[in-house]
Amino acid sequence: MSAFPKIFVAGATGLLGGQIVKALLDRGAPVRALVRPGADEEKKRSLTALGSDRLELVEGDITDPAERLAEAVGDATTVISAVQGGPDVIVDGQANLLRAAEKAGARRFIPSDFAFDLTKLDDGDNFMIDWRRQAAAARAGSPLDVISVLNGAFYEVMTGFMGLIDWEQGTLSHWGDPDQPLDLTSVADTAAYTAAVALDPAATGTLRFAGEVMSMRQFHDAVQRGSGRTLELRHLGTSDDLRAEIARQAAVAQNPFDYVALQYQWCMVSGKAKFDRLDNERYPDVTPVSMTDFVRATSPAH
Ligand SMILES: NC(=O)c1ccc[n+]([C@@H]2O[C@H](COP(=O)([O-])OP(=O)(O)OC[C@H]3O[C@@H](n4cnc5c(N)ncnc54)[C@H](OP(=O)(O)O)[C@@H]3O)[C@@H](O)[C@H]2O)c1
């Protein structure tokens, strides 16, 4: 029998969820991972390849009737959600998962927040973050202890999805003050902190972590050092200019996902969603990778 309580993970086949499952198993916890019926076989194999007899896969969807979903949660005491999707998943689905967790008798719920400080933002700043804040409002009154884990931006997002680096052109383009501090964490380190929180009986409230707090200028230095490439640092405009660019794109976009990367960037470079303090010291056994080492290991320049 494990010394740890069982942890339920929804979104286990995802980028972050898979790493959370691994981090929980590495710490010795038993894990029950939710896998959607018809989930990608390759993604399922990456879970079973973890080769742990403490890992149980259960089929289900967070939009299933709460009674059925409660059976999937079973005897887990903590439910972690690492799902991604639209309001049907983030607002309604997570509310349903919370109800299922309550029915199953779980005690704690970690929602799929994993962002910069969403408590400091206003509606309209970022439509995907709005859904997370709506989900938080819908949890008011739940008997479960809700713990929100915040990590700033993934290193992977800064070097990828955000579209800052153009390896072919040899440029790193950014908006806003190049000296504005930004909170950044790798996916693996976010997962390690989440596992530490889930297994810490004293954890409560909103906890904020960062692998590194660095400005765009320092990010540029780290990317150059890690990749061995020289990149021209291009300034695209102020954070107010970025806000105006988002409004311009929003007025003509067919799909809001066309400009959501810019909304994420604005929340960071404006400083509005910056963490006021970090909780890293709660878990000194988590030693986050530096941006330089991360880029050294992952950049296509090698
Ligand atoms: N801070 C940052 O820079 C940053 C960047 C990216 C993501 N995030 C956050 O991290 C969290 C996870 O994102 P991710 O990138 O890991 O997402 P992802 O790779 O797209 O994975 C999403 C997971 O959710 C599952 N899922 C979706 N709808 C579901 C449903 N109805 N029922 C059950 N499972 C469902 C997916 O299952 P299938 O495999 O079956 O589709 C998958 O396992 C999100 O909160 C996201 O906003 C943060």
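Predicted model: local features only at pLDDT ≥ 70, side-chain atom pairs only at ≥ 80, totals over all residues.

First, the location. The ligand sits in the largest pocket. Around the ligand there are 24 residues, and the closest are Thr-13, Arg-36, Asp-61, Ser-112 and Phe-154. How does that shell divide by class? It has 12 nonpolar, seven polar and five charged residues. In terms of secondary structure, helix H1, residues 15–26, and strand S7, residues 153–154, each supply at least two residues of the shell.

With Thr-13, the distance from a side-chain N or O atom to a ligand oxygen is 2.6 Å. With Lys-43, the corresponding distance is 3.0 Å. Phe-114 contributes through its backbone: one of its backbone N or O atoms is 2.9 Å from a nitrogen atom of the ligand.

Now back to S7, one of the elements that supply the shell. S7 belongs to an open sheet of three strands, in the order S7-S10-S12, with mixed pairing. Which strands are at the edges? They are S7 and S12, the latter spanning 212–214, and each pairs on one side only. S7 runs parallel to S10, residues 182–185, and two bridges join them. Phe-154, which I listed among the closest residues to the ligand, has Thr-185 in S10 as its bridge partner.

Terms used: Residues numbered from 1 in each chain as written. Heavy atoms only, no water. Near = heavy atom within 4 Å. Polar contact = N/O pair within 3.5 Å; in protein donor to acceptor, adjacent residues only side chain to side chain. 1 Å grid on protein atoms, 1.4 Å probe; cavity = no way out; pocket = protein on both sides within 12 Å on 5 of 7 lines; lining within 4 Å. Sits in = over half its atoms within 2 Å of the grid points. Helix = DSSP H or I, 4+ residues; strand = E, 2+ residues; numbered from the N terminus. Nonpolar A, V, L, I, M, F, W, Y, C, P; charged D, E, K, R; others polar. Pairing = 2+ DSSP bridges.
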